[in-house]
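Let's take a walk through this one, starting with a helix and then moving on to some aromatic rings. Have the model open alongside.

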Amino acid sequence: DEFKYALRSWFSMSYVVIIRGPAGVGKSAVSRKVATALKGKRFSFDTILRRHGLDIIDGEGIPTRNFIKANNIIMPLLERQLRKGPVILDGCFYRDEQVKNIRQRMACQLFIFSLHAPLDECVRRNNMRARKMTVAAVAAVHALASRKNHGVSIDTVGKSVDTVTREITARIRSMPSLRLPR
């Protein structure tokens, strides 16, 4: 019982932040800044999918089973990192089952932020990336990711990365159960 209490107390100080939304909305840039601000570690879900050959489009987007496989791959990394501090995950997270799977498996606080921008803005931002997606791919992911609104919604139009980062970190730091670095 003492061990379980200690473990629960320890995990209550750790937390995971998911920054989700369509391609080109600014998830990667924002998640990097949030990780720095919270002294946490960032993981890109897109990178996990790509490195393990799970980013294959089948019908309407990447299949749920591939996202669950990626969850299985990333969980040990998250658990190790949570011993050191917060974890920031960024990705589209357009499958409900993927989010539900993470929620069920995490023994700590979970914050989800959904970033939003119109398709034309996401296409414009995508065109500035080193690793561009096709307009059709951006549109398809935008349609899928925009259907979901997990967690706190943040409109990124007309906002800098720093402004969105401040919105997210302020929201997290306002949670009474967490003692977070300022």
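This is a predicted model: local features need pLDDT of at least 70, side-chain atom pairs count only at pLDDT 80 or more; totals for chains, interfaces and linings use all residues.

Start with helix H2, residues 27-37. Its buried residues are Lys27, Val30, Ser31, Val34 and Ala35. Look down the axis and you'll see these residues cover an arc of only 135 degrees, which puts them on the same side of H2. And what covers them? Strands E1 (15-20), E2 (41-44), E3 (87-91) and E4 (109-116) are among the elements that do, along with helix H8 (161-173). After H2 comes Lys39, with a positive phi near 55 degrees.

Now for the rings. A pair of aromatic rings is described by the distance of the centres and the angle of the planes. Searching the whole structure turns up three aromatic pairs. One of them is Tyr15 with Phe111: the ring centres are 5.7 Å apart and the planes sit at 90 degrees, so this pair is edge-to-face. Since Tyr15 belongs to strand E1 and Phe111 to strand E4, the pair ties together parts 96 residues apart in sequence. Both Tyr15 and Phe111 are buried.

Another pair is Phe45 with Phe93, where the centres are 5.1 Å apart and the planes are at 55 degrees, so this one counts as tilted. It also links distant parts of the chain: Phe45 is in helix H3 (residues 45-51), while Phe93 is in the loop between E3 and helix H5 (96-105), 48 residues apart. Phe45 counts as buried, at 1% relative accessibility, and Phe93 counts as buried at 1% too.

One last stop: the charged end of Lys41 sits over the ring of Phe43, 5.6 Å from the ring's centre.

Technical notes
Residues are numbered from 1 along each chain as its sequence is written. Side-chain values use heavy atoms; hydrogens and water are left out. Buried means under 20% relative accessible area, exposed over 50%, partly exposed in between (1.4 Å probe, protein chains only). Helices (H or I, at least four residues) and strands (E, at least two) are DSSP runs, numbered from the N terminus. The arc is that of the directions from the helix axis to the C-beta atoms. Contact means heavy atoms within 4.5 Å. Rings of Phe, Tyr and Trp (its six-membered ring) pair if their centres lie within 6.5 Å; planes under 30 degrees apart count as stacked, over 60 as edge-to-face and the rest as tilted. A charge sits over a ring if NZ of Lys or CZ of Arg is within 6 Å of the ring centre and within 35 degrees of the ring normal.
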